[in-house]
Amino acid sequence: MTRRICEVMSPGAVAVEPMTTVERAARLMREHDIGDVLVAYDCDLFGVLTDRDIVVRTLAAGLDPHSTTVGRVCSRPPLLTLTPEDTTDHAVELMRRHGLRRLPVVEHGGCPVGFVSLGDLAAVEDPHSALAEISTAAPNH
């Protein structure tokens, strides 16, 4: 059953400005128990920083997370995004075609409002799947 993204997305994504240090972004991820932050300036989506970006593009590259900015190591435009009014079918197709696990959700005009993940989609489309059960389980600490 197709739904609108606004019905399944994780609202209120954490956003940081491009000049934020990787260390600060990592602390926000820990505080909010999330694996990514949006990188935005005002309402302009500049990029997405994932926990993998921190490991591969910062630590493994020998960069200092205390001084490296998220704008230097985040995934940059062109970014694939969804709007709250897009359908879950459209999200699945984008994820499948581009090998993505999560997509930022932006309002018309580009202001970021959340994320939709593969786990979010699995939880509503196939709630008894292993992915849905893993995605809805309490996080490990």
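**Close-up views of the second largest pocket**

**View 1. Residues at the centre of the second largest pocket.** In this predicted model, 17 residues line the second largest pocket, and Thr50, Ser75, Leu100, Arg101 and Arg102 are the ones nearest its centre. The space within the second largest pocket amounts to about 500 Å³.

**View 2. Secondary-structure elements that form the lining.** At least two lining residues of the second largest pocket come from each of β4 (44-50), α3 (51-59) and β5 (102-106). Of the contributing elements, α3 gives the most, with four residues.

View 3. Which classes of residue make up the lining of the second largest pocket? Eight of the lining residues are nonpolar, six are charged and three are polar. Arg101 and Arg102 are among the residues nearest the centre of the pocket, as are Thr50, Ser75 and Leu100.

View 4. The protein chain comprises seven helices and six strands. Along the sequence, these elements are arranged in the pattern α-β-β-α-β-β-α-α-α-β-β-α-α. Of the 141 residues in the protein chain, 38% are buried.

**View 5. Contacts and surface of the chain.** Among contacts in the protein chain with a separation of 6 or more, 55% join residues 24 or more positions apart. The protein chain has an accessible surface of about 8200 Å². Carbon and sulfur atoms account for 52% of that surface.

How values were computed:
Residues numbered from 1 in each chain as written. Predicted model: local features only at pLDDT ≥ 70, side-chain atom pairs only at ≥ 80, totals over all residues. Heavy atoms only, no water. 1 Å grid on protein atoms, 1.4 Å probe; cavity = no way out; pocket = protein on both sides within 12 Å on 5 of 7 lines; lining within 4 Å. Points joined across faces, edges and corners; volume = space filled by probe spheres on them. Nonpolar A, V, L, I, M, F, W, Y, C, P; charged D, E, K, R; others polar. Buried < 20%, exposed > 50% of the residue type's maximum accessible area, 1.4 Å probe, protein only. Contact = heavy atoms within 4.5 Å. Areas by Shrake-Rupley, 256 points an atom, 1.4 Å probe, with all protein chains shown as cover.
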